[in-house]
Amino acid sequence: MTSGISRRARVLAAAVGTGVLVPLVAAATPAAAAPPAVTCTSAKAGLAAKLKKDITAALATRKGTVAVGLYDRSTNTTCTLRASSAYDSASVVKVTVLATLLWDAKKTNRYLTDRENTLAKAMIIKSDNAATSTLWKQLGMTKIKNFLKAAGMTQTKPGANGYWGLTQITVTDEQKLLKLLTAKNAVLSDNSRAYIVKLMGQVVSSQRWGTPYGVPSGVSVAVKNGWLQRSTNGWRVHSVGAFKGGGHDYVMTVLSHGNSTMNYGIATIQAVAKVIHKDLAAS
């Protein structure tokens with residue numbers, strides 16, 4: 001019987017030829033995967049590289065997990081970071097709720113009722129939760145899922161048991177929705193699109209942070225933000241926006257969680273938004 005030394009260790013000792021037993025070292029674990037990189041493409045020379053560099057720099061010292069989406073029709077520019085990562089929606093889902101309401105009304109060729117109109121305005125302009133819960137319940141899961149299917153928002157999973165704020169959203173799907181709001185399509189009527197964008201342009205001043213930060217003068221702003229604190233992943237802080245003017249027509253989504261405070265998340269989003277507006281304005 002050997003002195004407790006495994007055959008493999010003795011073979012290794014012999015192989016190194018020193019006569020001294022070398023303790024086996026477990027294979028080195030691979031280094032943690034590098035965080036995903038910002039990817040950008042553009043028809044405008046130099047713009048993709050500039051955006052990639054500046055968005056990356058804006059996030060370099062920020063904690064938390066951030067996902068970014070940008071699409072500018074004017075220069076056919078797209079940037080993404082963690083495009084398919086899922087986040088709790090918080091109030092950003094309210095745009096989807098309103099889009100579903102209008103899509104469903106269009107199917108039966110009717111206008112919104114006065115009550116629905118009042119609820120929709122409170123939901124978007126003031127981010128009223130009670131109004132959202134009322135509309136969410138009225139619509140029901142089937143209509144919400146059918147709208148998501150019609151919109152091609154295949155990565156969005158509605159929150160269960162009335163918890164609309166726990167709907168799972170991604171940059172990819174939020175960008176799809178923003179594109180539907182800002183260009184003619186078969187899903188939403190022109191009147192529906194104009195109504196949603198109008199309300200997003202009337203959001204109360206205290207909630208106009210996030211993606212509009214640093215927007216050049218003369219550029220129209222439509223925004224909806226969301227914020228939610230949970231015991232895991234800290235604060236979720238999100239902002240989606242649509243911007244038009246200065247020779248550009250673009251939509252932007254920034255989702256984040258793992259923020260220590262709401263204000264920290266806002267600062268992260270605004271660091272990204274600022275460089276995007278600046279780079280597009282300069283292009």
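## Crossing of H3 and H5

In this predicted model, helix H3 passes helix H5 in a left-handed crossing. The contact draws on Val-93, Lys-94, Thr-96, Val-97, Ala-99, Thr-100, Leu-101, Trp-103 and Asp-104 of H3, together with residues of H5 that include Asn-129, Leu-135, Trp-136, Lys-143, Phe-147 and Ala-150.

The axes of H3 (residues 93-107) and H5 (residues 129-151) come within 8 Å and cross at roughly 70°. Because angles of 65 to 115 degrees count as roughly perpendicular, H3 and H5 are roughly perpendicular to each other.

## Crossing of H3 and H7

With helix H7 (residues 190-200), the axis of H3 comes within 10 Å, and the two cross at roughly 150°; H3 and H7 are therefore roughly antiparallel to each other. Their crossing is right-handed, and the contact is made by Val-95, Leu-98, Ala-99 and Leu-102 of H3 with Ser-192, Tyr-195, Ile-196, Leu-199 and Met-200 of H7. This contact of H3 with H7 has eight nonpolar residues, one polar residue and no charged residues.

## Helix H6

Helix H6 is mostly covered, with nine of its twelve residues buried; among them are Val-171, Asp-173, Glu-174, Gln-175, Leu-177 and Thr-182.

At 1.5 Å a residue, the twelve residues of H6 (residues 171-182) should span 16 Å, and the end C-alpha atoms are 16 Å apart, which agrees with that expectation.

Technical notes. Residues numbered from 1 in each chain as written. Predicted model: local features only at pLDDT ≥ 70, side-chain atom pairs only at ≥ 80, totals over all residues. Heavy atoms only, no water. Helix = DSSP H or I, 4+ residues; strand = E, 2+ residues; numbered from the N terminus. Expected span 1.5 Å × (residues − 1). Buried < 20%, exposed > 50% of the residue type's maximum accessible area, 1.4 Å probe, protein only. Axes fitted to C-alpha atoms, helices over the stretch in contact; angles between N-to-C directions. Parallel < 35°, antiparallel > 145°, perpendicular 65-115°, else oblique. Left-handed = near helix turned anticlockwise from the far one by under 90°. Contact = heavy atoms within 4.5 Å. Nonpolar A, V, L, I, M, F, W, Y, C, P; charged D, E, K, R; others polar.
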